[in-house]
Amino acid sequence: MSSVTNISRRGFLDGIFSAGAFVLAAQVLPKNAWGQTEEYAGKAAGALFHPSIYLGIEPDGTVYIVTHRSEMGTGIRTTLPLVAADELEADWKRVRVEQGIGDKNYGDQNTDGSKSIRGFFTAFRQAGASARVMLTSAAATQWNVPASECKAQLHQIIHTASGRRLGYGELVAAAAKLPVPKPETLQFKPKSGWRYIGDHAPNPQQIVDLADICTGKAIYGMDVKRDGMLYASIEHPPVMGGKVRSLDDKAALQVKGVRQTMTIDTFTPPYAFQPLGGVAVIADNTWSAFQGRKQLKIEWDDGPNAAYDSDQYKQYLLDTAKKPGKVVRNLGDVDAAFASGAKVIDASYYVPLLAHATMEPPVAVAEYRDGKVTAWAPTQNPQAVQDTVAKAMNLKPEDVTCHVSLLGGGFGRKSKPDYVAEAALISKKTGKPVKVVWSREDDIRFDYYHAVSGMYHKAAIGSNGMPTAWLQRSVFPSISAMNDASSVYGFDVEYGMGLNDLPYDIPNHRAENGAAQTHIRIGWFRSVANIYHVFSAQSFADELAHAAGRDPLEYQLALLGSGKVLDLKSQGVTNYWNYGEDYQRYPFDTKRLRRVLEIAGEKSGWGKRKPGNGWGIGIAAARSFTSYVASVVEVEVDSNGRIRIPHVYQVADAGLVVNPERARAQFEGAAVMGASLALSGEISVADGRVRQSNFHDFPVARINQAPRQTDVHIVESDELPGGVGEPGVPPIAPAFANAVFAAIGKRIRELPFSKQKLV
Amino acid sequence: MIKLTINGRPQTFDGDPAMPLLWYLRDDLGLTGTKFGCGAGLCGACTVMRNGEAVRSCSITMKDLAGKRVTTIEGLSPNGTHPLQKAWMQANVPQCGYCQAGQIMQAAALLRKKPKPTDQDIDSAMEGNICRCGTYQRIRAAIKAAAKEVA
């Protein structure tokens with residue numbers, strides 16, 4: 001997928017690297033992949049061309065690696081460069097990581113879907129290996145020995161027989177003149193030789209931003225400042241699609257520090273990534289902008305979504321899930337099995353709207369000048385920034401430059417750049433650089449929410465309490481409505497997250513999707529539709545186990561059977577999404593799901609203590625983002641219904657894991673996020689207006705509520721890399737609910753737990 | 001005119017006395033290590049020390065700071081060598097990192113009062129500081145490690 005090119009000899013490099021630098025570019029790279037530090041941006045502006053840069057070595061030996069993925073806490077900004085550095089045998093102390101700007105030539109830059117390693121592991125490896133081969137060849141030529149007698153080791157090429165050594169910097173001039181080896185000829189280092197990556201790395205490295213974060217020096221979008229910058233805060237229409245009917249801004253303009261106001265047009269449907277509209281207050285500092293906003297007097301034309309009420313909508317979803325819907329997978333004949341007189345068990349489940357609540361609310365700086373926009377934003381998707389800003393301002397995407405800061409959390413929210421377009425529009429109006437700051441209230445009330453969903457499961461029970469038929473229905477406002485306002489059904493991406501890939505070995509199975517209108521912005525949230533599909537299916541599996549009088553883990557394994565690759569195509573799933581991956585390369589293999597369940601049982605001491613009397617343990621498992629995860633949650637419920645989570649066990653088979661330390665951190669965090677949404681996550685709506693506004697009424701887990709200890713076990717594997725950012729979330733809520741049932745006999749079918757009477 | 005000390009340096013402020021300290025630090029002084037998270041004292045991202053006590057800078061106004069000493073993450077130690085900062089790095093606590101300055105400042109105030117905090121002490125002191133990435137168990141471990149080093 002990538003080819004590496006030597007671009008060292010081209011004269012246009014003068015402005016960027018020094019004249020003698022050795023620079024390799026890979027095909028997936030942009031023409032102007034400059035790092036965004038001032039020093040480099042300045043040099044780039046003076047260059048004739050903007051060549052692709054992936055990996056470059058200066059004559060002083062400094063290695064520069066450009067990373068084009070966004071850092072929101074997964075460590076990807078460090079992990080991908082480590083792949084190239086390892087293959088290059090670079091000394092990490094002499095490597096500098098540069099953050100790439102938004103550019104289509106990079107290929108996909110949308111840092112979501114847990115796909116950065118899946119998508120770019122090979123490209124970074126090839127870049128590193130190519131440079132290593134060329135440096136080796138340059139040294140061998142200088143010594144007049146065969147390259148096979150030389151090896152690369154920590155920034156040096158060594159002639160093994162004579163002990164002669166040349167540093168990478170000394171070889172740059174000669175290496176730059178050599179042809180790039182063809183990808184198929186590249187010999188990658190054996191796994192045993194990996195220095196920085198993998199399970200057994202002798203020199204694992206910490207994230208490059210660690211010291212800056214711990215000393216307050218790290219720069220997030222919130223921290224960007226430009227000379228002469230103004231600050232803006234926006235009163236958005238309280239109902240999605242609403243418009244300003246009348247505005248009285250006299251009092252706002254009296255507030256000290258307030259300079260002006262600006263009405264921003266409401267989007268034309270579909271809402272996509274467009275600004276919501278509203279009235280911006282523009283001031284000399286953030287505080288004045290906030291204060292001015294409080295003085296605005298606005299009458300709104302709410303539009304049709306003012307009738308949206310989440311209680312009524314919930315009832316609609318649950319009712320609709322009991323009726324036939326669009327069939328998205330079918331095996332055998334569930335209706336015949338249900339009509340056969342077998343015992344039938346059924347249950348409805350519900351998961352409400354959720355807000356991302358990234359610790360850094362949406363924020364962006366933009367500077368409009370002479371028909372061009374430069375933006376600095378905490379964004380997961382800098383190319384979407386280019387497209388969205390360009391569309392909002394009638395520019396071309398290439399007239400928009402997007403610098404990517406660190407993100408104070410993303411979780412999917414910051415893939416949508418509506419807030420960057422707001423900053424650009426206000427900058428054009430004011431003629432100055434502008435920072436748009438969303439308050440926490442703005443963030444909670446105007447999110448792209450995780451979809452609410454109503455689900456229904458029904459099973460016919462045969463011998464040993466095992467199901468002979470399983471019907472699964474899901475009804476939810478689809479993310480596809482973001483780009484098609486008339487959309488009422490889900491699409492392959494949502495179906496492929498737990499609706500059309502139930503992994504159990506059952507002769508009759510059908511999955512259906514009911515229709516639902518969308519009245520509020522819906523978007524993807526860490527692990528997306530898996531959250532509700534896995535919650536319902538894994539809760540239902542536990543219910544069936546208890547109905548059969550069988551141990552839930554043993555029952556799960558029995559449901560999976562001996563394990564096999566799912567043949568979804570023959571069951572009407574013609575376009576299985578498979579997280580964007582080819583099914584031959586990334587099949588759904590239920591043997592791997594069995595294995596994580598078995599390991600989770602061992603690690604958690606499953607079955608050693610009898611649940612009950614306020615103590616319980618629950619299990620759930622799912623494949624998502626091509627990784628297989630089993631979660632065990634241990635709970636204590638006291639006589640007042642207060643819940644503690646002493647222990648969580650996360651077992652993940654994510655194929656080859658490049659950075660196990662950061663992967664473990666992701667699974668620890670996923671346990672907290674999963675527990676948080678199960679305990680207290682709920683956005684509700686009345687008269688089209690979101691009721692919640694801040695952390696007092698949209699609580700997220702705190703240190704005393706989060707799992708006290710999460711043990712993560714990563715299965716050692718040579719399978720292709722899978723995702724790690726999201727797959728740890730889906731099994732947590734059902735494992736948690738199953739644990740509560742084990743502890744006190746109360747089945748929780750609706751989230752959050754805080755709305756249920758437990759005792 | 002309000003006189004105060006920030007990270008050991010005397011400062012004078014003659015703006016709106018109702019402005020929260022947070023915006024003075026961030027917008028006026030460029031001390032952006034202190035973060036805006038909720039504006040309502042609910043998340044702890046903006047935590048700094050006032051005369052050695054942890055406070056939410058989003059909810060303390062400038063008029064409450066006359067003659068006070070304020071310490072921010074930038075002033076906690078000369079080179080990031082406070083035992084908590086070292087422990088935070090050792091334990092690889094941060095994920096996105098946005099809340100961590102507030103977490104560290106809150107923990108620093110805790111250790112001033114209780115050099116040997118129990119789990120209960122840590123819960124009580126730290127429950128006001130949200131980490132949406134979910135780094136809590138590492139925060140707890142890092143506080144304990146730092147406490148050991150100080151002792």
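Buried means under 20% relative accessible area, exposed over 50%, and partly exposed in between, with a 1.4 Å probe and protein chains only. The model on screen is predicted, so local features need pLDDT of at least 70 and side-chain atom pairs count only at pLDDT 80 or more, whereas totals for chains, interfaces and linings use all residues. Residues are numbered from 1 along each chain as its sequence is written, chains are lettered from A and ligands numbered from 1 in the order in which they are written, and side-chain values use heavy atoms, with hydrogens and water left out.

**Stop 1: E149(A)**

Select E149(A), which counts as partly exposed because its relative accessibility is 36%. E149(A) sits in the loop between α3 (116–143) and β6 (150–153) of chain A; helices (H or I, at least four residues) and strands (E, at least two) are DSSP runs, numbered from the N terminus. Leaving aside neighbours within four places in sequence, E149(A) is in contact with I158(A), H159(A) and T160(A), contact being heavy atoms within 4.5 Å.

**Stop 2: L154(A)**

Move on to L154(A), in the loop between β6 and β7 (156–159) of chain A. L154(A) is not a glycine, yet its phi is positive, near 45°. With a relative accessible area of 36%, L154(A) is partly exposed.

**Stop 3: helix α4 of chain A**

Select residues 168–175 of chain A, helix α4, and colour its buried residues: Y168(A), G169(A), L171(A), V172(A) and A175(A). Looking down the axis of α4(A), these buried residues fall within an arc of 155°, so they line one face of the helix. The arc is that of the directions from the helix axis to the C-beta atoms.

**Stop 4: two cis peptide bonds**

Show P269(A) and P270(A), which are joined by a cis peptide bond with omega about 0°. P270(A) belongs to the loop between β11 (258–264) and β12 (278–283) of chain A. Then go to L751(A) and P752(A), where the peptide bond is cis and omega is near -5°. P752(A) is in the segment after α18 of chain A.

**Stop 5: F411(A)**

F411(A) lies in the loop between β18 (400–404) and α11 (418–430) of chain A. Its phi is near 55°, a positive value in a residue other than glycine. F411(A) counts as buried, at 11% relative accessibility.

**Stop 6: α14 and α18 of chain A**

Select residues 530–547 (α14) and 732–744 (α18) of chain A, which pack at an angle of about 30° with their axes 8 Å apart. Axes are lines fitted to C-alpha atoms, for helices over the stretch in contact, and angles run from 0 to 180 degrees between N-to-C directions. α14(A) and α18(A) are therefore roughly parallel; angles under 35 degrees count as roughly parallel, over 145 as roughly antiparallel, 65 to 115 as roughly perpendicular and the rest as oblique. The contact involves V534(A), F535(A), Q538(A), S539(A), D542(A) and H546(A) of α14(A), and A733(A), P734(A), A737(A), N738(A) and F741(A) of α18(A).

**Stop 7: α3 and α4 of chain B**

Finally, select residues 100–113 (α3) and 119–126 (α4) of chain B, whose axes come within 10 Å and cross at roughly 130°. That makes α3(B) oblique to α4(B). Q103(B), Q106(B), A107(B) and L110(B) of α3(B) make the contact with D121(B), I122(B), A125(B) and M126(B) of α4(B).
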